[in-house]
Amino acid sequence: MTPTARQLALATLDRQLLLRRQRLDVADAVRRICALQAQTPASPYVALWNRVDGFVPEDLDAAFTERRIVKATLMRITLHAVHAEDYDAYRAAMLSTLRASRLYDRRFTATGLTPADADAVLTELAELLRSPRTGAEVENRLKARFGEHAHRMWWALRTYAPVHHVPTAGPWSFGQPNTYRAAPTPSGAAPREADEGVQQLLLSYLRAFGPASAQDFARFTLLTRPAISQALQQLSEQVVRLPGPGRAALFDLAGATLPAEDTPAPPRLLPMWDSTLLSHAVPGRFMPLEYRPLVVRRNGDVLPCLLVDGEVAGVWRATDGGLELTAFRTIGKAAWRSLTEEAERLSAFLADRDPAVYRRYGHWWDKGFPAVQGQGTTVKVSR
């Protein structure tokens, strides 16, 4: 039986813990949902607030401090929070992409430095980062060898070297200046091979976002089609092929199930760059095509979204004293009531940490949402 588009959306919401919050340890929750986009420090916290029943932000603080969850550059060459036990496999899968994104970039090659120059620094860098160091401290150490090009060398290394970001300050664990530490080397374990890493990442991805196509997985990771095709062949006993509502074949874990089409989807207030909005081919599984330019801005910023019945219906932002919800279409009274109740809870959650979360992105609201003027509604929810 071919799954419908609605079932595919519900399946991802279910696997992302967005149909119902579950009471889980934060590290277990992060592992269940594969990875949390973390380029903005608040986002993993807001993401887990949407997914974990009784989420306490101090639990995530502790998980970062204890290195049960780590933050590093991985999929799509951006920062993610992942379970510490998944990091080695994910990095092995992504290493070729991460390395090429910097060492063959004109900004690096224009310095006259070579990939061999960068690779020669890896052992020294690991030794230096046995203790936490700021980026400025690392650059100062590199200046003795690379002079004015130390900045570009560190720009490359911090992307593909086995390096974690170190929690430094509140309210969201990671503050300025960025601080780094070498990823621990597993005792007695051989380094992960790239193909093994891609296989593990693919299984994690399908568990968290499936069913999905090879194109979807490429969108989530930026891995090449040959690498993805090889992984699918090697996992033929664990991954099954499904017909899709479009032309692309879908893949899923053997034995995985799909929710019924009439399963209700509760309202959610997703953080900036929520992984669900970046996990499938454009425009995404939950994003009406006409709303994409309003949510995904030209520079790549993905605004905090309202989900109504499993579909992006607007955006939200923190304002003085509460939250402002802007819908792109007419929303019924019952849905607004549910959204407002959810917003009140989120506003109370933010009050103790950062009531003005994402304030640096307020300029997008200042520009307005002209495509929906006269159609949408804005509601302010007081704390």
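Modeller: Two strands count as paired if DSSP finds at least two bridges between them. The model discussed here is predicted.

Colleague: In which sense do strand 2 and strand 3 pair, and over how many bridges?

Modeller: Strand 3 covers residues 79-83. The pairing of strand 2 with strand 3 is antiparallel, and the number of bridges is five.

Colleague: Which residue takes a positive phi in the hairpin of strand 2 and strand 3?

Modeller: The hairpin has five residues between its strands. A positive phi near 55° is found there, at Arg76.

Colleague: Why is strand 2 largely enclosed by the rest of the structure?

Modeller: In a regular strand, side chains alternate between the two faces of the sheet. On one side of strand 2 lie Ile69, Lys71 and Thr73, on the other Val70 and Ala72, and all are buried. Strand 2 is therefore largely enclosed, as the buried residues among residues 69-73 number five of the five.

Colleague: Which element gives the largest share of the lining of the largest pocket?

Modeller: The largest pocket holds about 970 Å³ of space. Of its 39 lining residues, Gln39, Pro41, Gln176, Asn178 and Arg360 are the closest to the centre. Strand 2, helix 9 (135-146), helix 10 (150-160) and strand 6 (179-182) each supply at least two lining residues. The largest share, four residues, comes from helix 10.

Definitions and conventions: Residues numbered from 1 in each chain as written. Predicted model: local features only at pLDDT ≥ 70, side-chain atom pairs only at ≥ 80, totals over all residues. Heavy atoms only, no water. Buried < 20%, exposed > 50% of the residue type's maximum accessible area, 1.4 Å probe, protein only. 1 Å grid on protein atoms, 1.4 Å probe; cavity = no way out; pocket = protein on both sides within 12 Å on 5 of 7 lines; lining within 4 Å. Points joined across faces, edges and corners; volume = space filled by probe spheres on them.
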